[in-house]
Amino acid sequence: MEILGTTLRICVDDLETASAFYERLTGTRPLRFERGGVSVAAVGCFLLMSGPEAELEILRKVSATIAVENVDTAFATLTEVGAKVVAGPVQTPAGRNLIAVHPDGSVFEYVDRKATATDSSGTPDR
């Protein structure tokens, strides 16, 4: 499994203010989406998250997001080396992901950037 990069996860109170700061810092426009009641802005290598404290408490347990070429390959490698996959693989707005707990207790999200194919109306193909 090749690791393509990492994304730092940051929980913020004010997503608009934080997004503006990180956009100026990185020179990258935010990619925004909602997931499970949490508003998210991906800006460069930063993943900003804002929402209900109960949701953020769970998200804070994930140390970082690791980009990989293929989540299925990551799943196979992680289980082979002793990690426990606790969620996924599932489709997300940014690609497919899974959550794994490493043998040392560290929790990481693994994500590929494979977008869901869409038809001409923009509806995802199934």
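Predicted model: local features only at pLDDT ≥ 70, side-chain atom pairs only at ≥ 80, totals over all residues.
**View 1. Salt bridge between Glu16 and Arg32.** The closest N and O atoms of Glu16 and Arg32 are 3.1 Å apart. Glu16 belongs to helix α1 (residues 15–26) and Arg32 to strand β2 (residues 31–35), so the contact ties together parts that are 16 residues apart in sequence. Glu16 is exposed, at 52% relative accessibility. Arg32 has a relative accessible area of 39% and is partly exposed.

**View 2. Salt bridge between Arg29 and Glu23.** Arg29 is exposed, with a relative accessible area of 68%, whereas Glu23 is partly exposed, with 27%.

**View 3. Salt bridge between Arg60 and Glu53.** A separation of 2.6 Å is found between the closest N and O atoms of Arg60 and Glu53. Arg60 is partly exposed, its relative accessible area being 46%. Glu53 also counts as partly exposed, at 48% relative accessibility.

**View 4. Salt-bridge network of Asp72, Arg96 and Asp112.** Here three residues are shown: Asp72, Arg96 and Asp112 are linked by salt bridges into a network. For the model, the count of salt bridges comes to 6.

Methods:
Residues numbered from 1 in each chain as written. Heavy atoms only, no water. Salt bridge = Lys/Arg side-chain N within 4 Å of Asp/Glu carboxyl O. Helix = DSSP H or I, 4+ residues; strand = E, 2+ residues; numbered from the N terminus. Buried < 20%, exposed > 50% of the residue type's maximum accessible area, 1.4 Å probe, protein only.
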